[in-house]
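Here are my notes for a first look at this model. Please keep the structure open as you read the points.

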Amino acid sequence: MSRYIASRAIRGAHLLVNEADDLLRQTIAEVGSDAPVAFPNTAYYLPTINGMMGVQVETLGQLEPVLKHARDLLHPIPSDCRWMPYLGETLDSGMATLFAAEAIEAVRFVRGDEPQRIPGFHMTGGSFTSPDAGANGSGGNGYLNGPIDDVQLRSWGIALVDGRMPGFAAIVGAAKSNEVAVKIVRELQRRNILIFLSGNVNGRSIIHQLQEEGVEMGYDTYIVPFGLDTLSAIYALGFATRSALTFGGLKAGQAREILLYNRARVFAFVLALGEIDDLKYAAAAGAINYGFPVIADTVIPQILPTGVTQHEHVVSQPFNTIPGKDDLERAEKLVQKAIETRGVKIKLTEVPVPVPYGSAFEGEVVRKKDMRVEFGGKYSRAFEYLRLLPMEEVEDGKIEVIGPDFSEVEEGGAMDLGILIEVAGRKMQTDFEPVLERQVHYFVNGASGVQHIGQRDIAWIRISKAAADKGFTLEHFGKILHARFHGEFGAIVDKVQVKVITDPALHAEWLEKARDAYNERNERMGSLKDDAVDEFYTCTLCQSFAPTHVCIVSPERLGLCGAYNWLDCKASYEINPTGPNQPILLGDTVDPVKGYWTGTNDVAVKNSQGTVHEVAMYSIMENPMTACGCFECIVMLIPEANGVMVVSREDTSMTPAGMTFSTLAGMAGGGLQTPGVMGVGKYYLTSPKFISADGGFKRVVWMSSVLKKTMAEEFQAVAEREGEPDLIDRIADETVCTDVDGLMAWMEEHEHPALFMDPIF
Ligand code: SF4
Ligand code: ZN
């Protein structure tokens with residue numbers, strides 16, 4: 001342990017705890033100790049304080065004992081002449097720093113000083129996007145993000161568990177130059193690592209640097225600007241703490257377990273750019289508690305491995321001494337060094353395109369004014385079709401552009417496009433065609449400056465002027481697909497060839513063929529019934545976050561995150577026979593109505609480490625399926641209404657249960673079985689097997705309006721199937737009532753069928 005670091009961290013911690021005390025005292029004097037305190041859009045209170053101390057702070061006054069505890073953790077600042085500090089004392093100071101930092105941020109919210117603002121700053125899809133934002137939620141209101149929303153945490157959850165997103169990098173400070181700043185985030189984006197930004201060096205922050213270079217920041221691009229000071233780095237540790245609570249099934253106050261969970265499962269590190277002051281040392285000590293190493297680009301003493309981490313705690317990698325032909329190469333190596341230090345192997349598929357490529361660009365929007373050309377949408381037709389061919393009919397890597405390219409199309413114009421992907425492989429099956437085809441969306445979207453929406457014959461692709469200027473052509477669609485299908489589906493796909501079709505006659509011909517294939521697939525999917533198969537599948541992907549949860553996926557009930565249906569699981573099992581999707585042989589039927597089989601029960605016991613004994617596939621009232629945290633909707637019993645409500649993740653309003661989605665999520669998730677509460681994928685709502693043992697879809701008495709709107713057609717079909725064609729109009733939503741009395745009045749007025757059904761329990 002370096003005395004230098006220890007001294008500075010301890011000194012920084014003292015300063016910050018004092019600052020927190022002063023600010024709290026002053027604010028209590030101004031607004032009183034009962035003034036409410038909260039971070040926005042989270043059900044986890046002040047997450048680090050809640051997680052570590054088990055204290056749910058809701059008022060300013062409740063921060064006083066928290067700061068007292070922080071003070072107790074402080075150790076005397078070591079004298080210069082005597083060697084004294086140990087790692088333990090530095091870590092304590094780090095923890096005190098985190099409590100003080102979180103307290104200060106919370107008080108700043110009370111004072112209206114958080115989230116911070118930068119004039120002219122604009123972010124896509126962040127927490128504080130203004131209501132006057134543009135079509136894609138881009139706000140020009142200058143707000144930085146502040147803490148991450150629960151909704152966002154959960155929606156990243158799946159990507160974090162299935163490895164698409166390895167973890168996060170908390171960058172503090174400012175890079176040597178704007179160019180280096182951009183390179184560092186691009187290198188991280190390329191690996192799908194979340195990027196949290198905070199801090200400054202002499203007033204200049206990496207946030208300014210990226211803003212000046214026109215780098216898009218926001219949830220969609222994986223770059224979250226927290227704030228301009230070191231303090232706001234606390235939001236990264238709040239995120240880590242909530243991950244452990246949300247996905248690890250841990251409870252507030254289990255400090256040791258939460259820290260161990262992060263050390264073992266959350267791939268994260270701190271990149272400290274530029275000069276390091278006492279507060280940064282103190283904050284770094286806080287991060288080390290979580291097992292997150294700190295990599296600095298300046299000369300500082302290092303801290304070598306000890307019990308807390310298997311890797312170095314603090315690594316000094318002075319920027320100018322990194323070997324490389326220029327600063328860009330040095331930036332690249334700095335990122336590599338950070339990743340090596342945290343020690344996770346990241347799979348990188350090299351995609352030969354002239355623009356940056358990675359999942360971080362998936363959410364990127366190409367606006368009309370920035371667009372070079374589009375395919376599909378209002379003015380043209382684009383389709384994509386993937387089919388299986390015999391081995392000898394596919395020439396691997398062959399990419400043909402058949403027809404004119406877009407050079408003839410005027411700027412901002414449109415043209416027809418067809419993407420025909422032909423694959424061959426010994427383990428490939430026709431059933432897997434749609435599974436693979438659906439990936440086209442993610443694969444194409446990964447190119448910076450390319451936007452992909454939709455699928456099949458309603459695909460809609462835009463190429464930006466910037467991407468076209470860099471040389472992106474139609475051929476690159478083929479290059480991307482070839483590389484990615486090999487990279488991710490190499491176990492079932494041996495050969496891939498791609499035809500990019502713009503020739504009008506050929507386009508028409510293949511569009512017809514593609515549509516025939518889509519119809520065939522629809523019929524096949526429609527005929528896939530639970531009682532027509534011998535096996536269901538497990539999905540245990542979320543166990544790295546929720547160790548007792550298993551999704552049981554059947555043809556008529558998809559995984560609760562909505563991302564994995566029965567065919568996906570079947571394909572995934574072929575690709576990776578020892579992976580998270582294992583076949584469940586159904587065995588003996590115990591109860592066909594509630595949905596019990598010996599096979600599913602066995603799997604439930606085994607995969608829940610014994611916490612669950614039985615799972616009813618078709619009931620919410622009896623042994624419902626558990627949930628991790630990734631569910632698209634929550635279904636919950638409303639006893640007075642003799643039915644259930646369905647709340648969408650996108651709905652932040654109050655519900656008749658007296659709780660919002662984020663509070664309900666705490667009850668539904670964590671791998672526990674709670675009769676009357678269930679997290680589900682939204683397409684399960686349309687299944688004939690949706691709580692069929694409890695009366696089925698007619699039990700739905702209230703539903704978030706966003707679901708009604710976005711799935712109008714599907715629900716209409718369900719209503720007709722259930723023999724109540726006007727059912728959807730009789731289901732209440734948040735625009736008509738958000739409490740039980742209002743709900744009952746609505747149901748009576750609209751004669752909701754649930755009122756006339758047998759008691760649900
Ligand atoms: Fe997680 Fe279930 Fe989705 Fe699998 S299907 S990723 S276990 S939520
Ligand atoms: Zn999950």
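1. How much space lies in the second largest pocket? About 770 Å³. A pocket is an open set of points on a 1 Å grid over the protein atoms alone, with protein on both sides within 12 Å along at least five of seven lines. A volume is the space filled by probe spheres set on the points, and grid points are joined across faces, edges and corners.

2. Some ground rules. This is a predicted model, where local features need pLDDT of at least 70, side-chain atom pairs count only at pLDDT 80 or more, and totals for chains, interfaces and linings use all residues. Residues are numbered from 1 along each chain as its sequence is written, chains are lettered from A and ligands numbered from 1 in the order in which they are written, and side-chain values use heavy atoms, with hydrogens and water left out.

3. Back to the second largest pocket. Its lining holds 32 residues; a lining residue has an atom within 4 Å of a point. Arg186, Gly214, Val215, Glu216 and Glu364 lie nearest the centre. Helix α6 (178–190) supplies the largest share, 5 residues. α7 (206–212) and α14 (465–469) each give at least two. Helices here are DSSP runs (H or I, at least four residues) and strands are runs of E (at least two), numbered from the N terminus. The lining splits into 11 nonpolar, 10 polar and 11 charged residues. Ala, Val, Leu, Ile, Met, Phe, Trp, Tyr, Cys and Pro count as nonpolar, Asp, Glu, Lys and Arg as charged, and the others, Gly among them, as polar.

4. A cavity is a set of points where a 1.4 Å probe fits but cannot get out. The largest cavity holds about 310 Å³. Its lining has 30 residues, with Val270, Lys280, Ala283, Ala284 and Ala287 nearest the centre. Which element gives the most to this lining? α10, with 8 residues. By class, the lining has 26 nonpolar, 3 polar and 1 charged residues.

5. The second largest cavity has a volume of about 100 Å³. Cysteines in its lining include Cys539, Cys542, Cys551, Cys561 and Cys628. Ile158 and His549 also line this cavity. The lining divides into 10 nonpolar, 2 polar and no charged residues.

6. Look next at the domains. The assignment, automatic or from a database, gives domain 1 (371–516) and domain 2 (530–756). Their centres, taken over C-alpha atoms, are 34 Å apart.

7. How much area is buried between domain 1 and domain 2? About 830 Å², of which carbon and sulfur atoms give 60%. Buried area is the accessible area (1.4 Å probe) that two parts lose on being put together, summed over both. In domain 1, Phe432, Val435 and Arg438 lose the most, together 43% of what that side buries.

8. Finally, charge pairs. The whole structure has 42 salt bridges, each a side-chain nitrogen of Lys or Arg within 4 Å of a carboxyl oxygen of Asp or Glu. Across the interface of domain 1 and domain 2 there are 2. Asp431 forms a salt bridge with Lys570, with the closest N and O atoms 3.7 Å apart. Asp327 and Lys176 also pair, at 2.9 Å from N to O. This pair links distant parts of the chain, 151 residues apart: Asp327 sits in helix α11 (residues 327–342), and Lys176 in the loop between β3 (167–173) and α6.
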